[in-house]
Amino acid sequence: MSHLIVLFNLKVGKSRADYEAWARVSDLPSVNSLKSVDSCKILRSNGLMGSGATAPYQYIEVIEVNSTEGLFVDFEGPIMQKISAQFREFADNPIFVVAEALL
């Protein structure tokens, strides 16, 4: 199983409340409904452990993928095209990391 990890901050002028409401109602249900996805979670960072410093990213999205090829197909569909466009309205230069579990 592979994972898609998305690291991002909100764009200037976008509110945490608006993003989180959209994520709860639109993003999570849509991504979790994809056949290529086993689960999707969105995490809000609270800071860097032991330092009290602000984390470099406000949000981390972790998507467990059961088919990478299927994920690309799923994201080409009209629903995910709409969700992706809405996500880009909130996220400022997101970073998409592909990873696999070692253990």
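1. A charge is said to sit over a ring if NZ of Lys or CZ of Arg is within 6 Å of the ring centre and within 35 degrees of the ring normal. By that rule the charged end of Lys14 sits over the ring of Phe90, 5.6 Å from its centre.

2. A word on the basis of this note: the model is predicted, so that local features need pLDDT of at least 70 and side-chain atom pairs count only at pLDDT 80 or more, while totals for chains, interfaces and linings use all residues. Residues are numbered from 1 along each chain as its sequence is written, and side-chain values use heavy atoms, with hydrogens and water left out.

3. The aromatic residues come next. Rings of Phe, Tyr and Trp (for Trp, the six-membered ring) are paired if their centres lie within 6.5 Å, and the planes count as stacked under 30 degrees apart, as edge-to-face over 60 and as tilted for the rest. The count comes to seven aromatic pairs. One of them is the stacked pair of Phe8 and Tyr59, at 5.5 Å centre to centre and with 20 degrees between the planes. This pair links distant parts of the chain, since Phe8 belongs to strand β1 and Tyr59 to strand β3, 51 residues apart; helices (H or I, at least four residues) and strands (E, at least two) are DSSP runs numbered from the N terminus. Both Phe8 and Tyr59 are buried, a word that here stands for under 20% relative accessible area, with exposed for over 50% and partly exposed for what lies in between (1.4 Å probe, protein chains only).

4. Tyr19 and Phe90 form an edge-to-face pair, 5.5 Å centre to centre with 70 degrees between the planes. Here too distant parts of the chain are linked, with Tyr19 in helix α1 and Phe90 in helix α3, 71 residues apart, and both Tyr19 and Phe90 are buried. Ring pairs link Phe8, Tyr19, Trp22, Tyr59, Phe87 and Phe90 into a cluster.

5. The structure holds two salt bridges, each being a side-chain nitrogen of Lys or Arg within 4 Å of a carboxyl oxygen of Asp or Glu. In one, the side chains of Glu20 and Arg16 meet at 3.8 Å, N to O; these two residues are four apart in helix α1 and therefore separated by about one helical turn. Glu20 counts as buried at 14% relative accessibility, whereas Arg16, at 46%, counts as partly exposed.

6. Glu20 also forms a salt bridge with Arg44, whose closest N and O atoms are 2.7 Å apart. That pair links distant parts of the chain, from Glu20 in helix α1 to Arg44 in strand β2 (residues 37-44), 24 residues apart. Arg44 is partly exposed, with a relative accessible area of 38%. Salt bridges that share partners join Arg16, Glu20 and Arg44 into one network.

7. Tyr57 is found in the loop between β2 and β3 and counts as partly exposed at 24% relative accessibility. The C-alpha atoms of Tyr57 and Phe8 are separated by 5.3 Å, although the two residues are 49 apart along the chain.
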